[in-house]
Amino acid sequence: MAKITLENLAHSYLPNPTGEDDFALKELNHDWADGEAYALLGASGCGKSTLLNIISGLLHPSQGRILFNDRDVTMAPTTQRNIAQVFQFPVVYDTMTVRENLAFPLKNRGADPAYIKDRVQQIAHMIGMEDSLSHKARGLTADAKQKISLGRGMVREDVNALLFDEPLTVIDPHMKWELRTQLKSLHHQFGHTMIYVTHDQTEALTFADKVAVMYDGRVVQMGTPQQLFETPEHTFVGYFIGSPGMNVLEATVTGDRAVVGGTEIPLGQSFGTPAGKVELGVRPEFASLQSGKKGLPVTIKRIEDVGRHKIVRTDFQGTEINIIAPEGAEILPDMNRVVFDTAGVNIYSDSWRVAPEVV
Amino acid sequence: MNKTVNQKAWFLILPVLLLVAFSAVIPLMTVVNYSVQDTFGQNKFFWVGLEWFEEMMSSQRMWDALARQISFSAIILAIEVPLGILVALNMPKSGFWASFCLVLMSLPLLIPWNVVGTIWQVFGRVDIGLLGYTLAAMGIDYNYTQDFYAAWVTVIVMDVWHWTSLVALLAYAGLQSIPDAYYQAAKIDQASRWKIFRFIELPKIMGVLMIAILLRFMDSFMIYTEPFVVTGGGPGNSTTFLSIDLVKMALGQFDLGPAAAFSIMYYLVILLVSYVFYTVMTNLDKRDGR
């Protein structure tokens, strides 16, 4: 178990990167606290696997340092870092039995046979494969193979960190819940530092204490699920997390007033006069459809009833605004105004959040 | 929905039937025909039953040729398979040098058999050949036309030179298809180089390797041209393999009956071994696949 520190870390796959665009992973400073569960969330190609491979030592960064418990491991090979990693697709040793697969990392490190036996039994119990320990790994289902991979990742107790690279992609939906819950309880039990890469927000939000959202080679926000939901630091976090994502509207802001498409709306707090491209972001949960004269005039395009609530898709001067209405709410033909709850309104300048002025 | 029954559809397989008949069945039947008859010339044949088969089964000459043939195939497989894997493991994985190696290794495969024979025939000659002359100059007694061992070594080295590429290329293709994650996982598990080979690479290339072994077995078991050009089956009968012996018998001595019986048994042996390989190969995929 270890604290992992990233110092000025950046990586480019090109031999001589010139501009910032050449970097798959842009400069980054970060601490991963000992014993916490993190998720790295982002769309494909945002650099999350690059970051994971740098931490595991499969890739050496173009610049910067990585420290495990304040010890520099930037150039240390994977074997010296004492980490475990579970990959997207199951990696099992086909010709070995399930038991041999689970024992392999311990055996290679010369662990005591009696200890190996106990530990393998314990892990097999955890992943629910006690019955098939003597089976050959070849011919097992993808689910079972991935469970073996997970088990092999967890079999060593002294690992510095456990890294997961979208490990549940190939698993059946009902097993996903089960395994995720198991991982979480394992984390509570052993307190490993865990880093979990995924593009699935549900997976990230349910698994991790803290989620790092990555966009275009950068960690744009790191926070608890609640922070990501309430105060997205970047418009990308806003619309990547949430279903549907945050509504982002171009606006001009002066003090505690915003003008969106010719309509003035109160913000509740003052934001000064933000420069650059100013946008107003509000989650569908904080928008409501009303009749009357207040709010933005919209036309309703369609209503999707998802069971626990309704998603109202509306059009405001060519921009889509989504609204979440409670399941029981009636939507009348004269409801053509959108009103935002000021508590859920965030202001962005050049895509980054502007903090309200403290009065 | 009712299926339309149209027996005329059988005519559609007629072309294939004709092709197979003319390319395989009819020639084979003429051989069968010869194997059960004898002639005193003038194109007059009479029925002898299985006599030729009995004669061939008790012929020391055929058993000797078979023993030489099996030894030859076993030796070249024992050299070419491990060597091919070794070459494949050490080839560059990508970039210019990978393509370069691939082209370089394909070259021997493109040379016609008799040309390969001629190359080595000249190469090994003590008077003008680079290899033979050099060896002789180094004081090594090397003469493939007179010495049993020299002849065997020459024929084997020639085959290894000609065909190891095939095994290497197939093994290389198998190795290329292993996802990177396996190697990364192995690093994390602290597996040694040997264990990576034993538990990741070998199992993953087993399928193509079996194909390589099958191809090499069949080809080497039927080898004719190269040793015929280099040693002509000699010295004595020491490199007279099955097909060389067969040709001698059929065309040299014009013993059509025994040669035909011999061909059929030869054919059955190859068929049998190929069938065994095929069974092993398909079972390999299904093993433990419950």
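How many residues of chain A are in contact with how many residues of chain B?

**Entry 1: conventions.** I note that this is a predicted model, in which local features need pLDDT of at least 70, side-chain atom pairs count only at pLDDT 80 or more, and totals for chains, interfaces and linings use all residues. Residues are numbered from 1 along each chain as its sequence is written, while chains are lettered from A and ligands numbered from 1 in the order in which they are written.

**Entry 2: chain A against chain B.** I looked up the interface and found 22 residues of chain A in contact with 17 residues of chain B; two residues are in contact if their C-beta atoms, placed from the backbone, lie within 7 Å. On the chain A side, helix H2 (78–81), strand S6 (83–86) and helix H3 (98–108) each supply at least two residues. Helices (H or I, at least four residues) and strands (E, at least two) are DSSP runs, numbered from the N terminus. I recorded the classes of that side of chain A as 10 nonpolar, 7 polar and 5 charged residues. Here Ala, Val, Leu, Ile, Met, Phe, Trp, Tyr, Cys and Pro count as nonpolar, Asp, Glu, Lys and Arg as charged, and the others, Gly among them, as polar.

**Entry 3: chain A as a whole.** I found 9 helices and 23 strands in chain A. Its C-alpha trace spans about 75 × 50 × 35 Å along the principal axes. Of the 359 residues, 43% are buried, that is, have 20 or more other C-beta atoms within 10 Å of their own, with C-beta atoms placed from the backbone (12 or fewer is exposed, in between is partly exposed). Among contacts in chain A with a separation of 6 or more, 66% join residues 24 or more positions apart.

**Entry 4: domains of chain A.** The chain is divided into domain 1 (4–235) and domain 2 (243–354), with bounds from an automatic or database domain assignment. I noted 38 Å between the two domain centres, taken over C-alpha atoms. In chain A, 5 residues of domain 1 are in contact with 9 residues of domain 2. The domain 1 side of that contact has 1 nonpolar, 3 polar and 1 charged residues.

**Entry 5: H3 and H7 of chain B.** I then turned to helix H3 (residues 60–90) and helix H7 (residues 148–176) of chain B, whose axes come within 7 Å and cross at roughly 45°. Axes are lines fitted to C-alpha atoms, for helices over the stretch in contact, and angles run from 0 to 180 degrees between N-to-C directions.

**Entry 6: H4 and H7 of chain B.** Helix H4 (residues 96–110) of chain B packs with H7(B) at an angle of about 130°, their axes 8 Å apart. H4(B) is therefore oblique to H7(B). The residues of this contact comprise 7 nonpolar, 3 polar and no charged.

**Entry 7: Glu226(B).** I located Glu226(B) in helix H10 (residues 225–230) of chain B. Why does Glu226(B) count as buried? Glu226(B) counts as buried because it has 22 C-beta neighbours inside 10 Å. Leaving out residues up to four places away in sequence, Glu226(B) touches Trp113(B), Val116(B), Gly117(B), Met158(B) and Asp159(B).

Note on methods:
Parallel < 35°, antiparallel > 145°, perpendicular 65-115°, else oblique.
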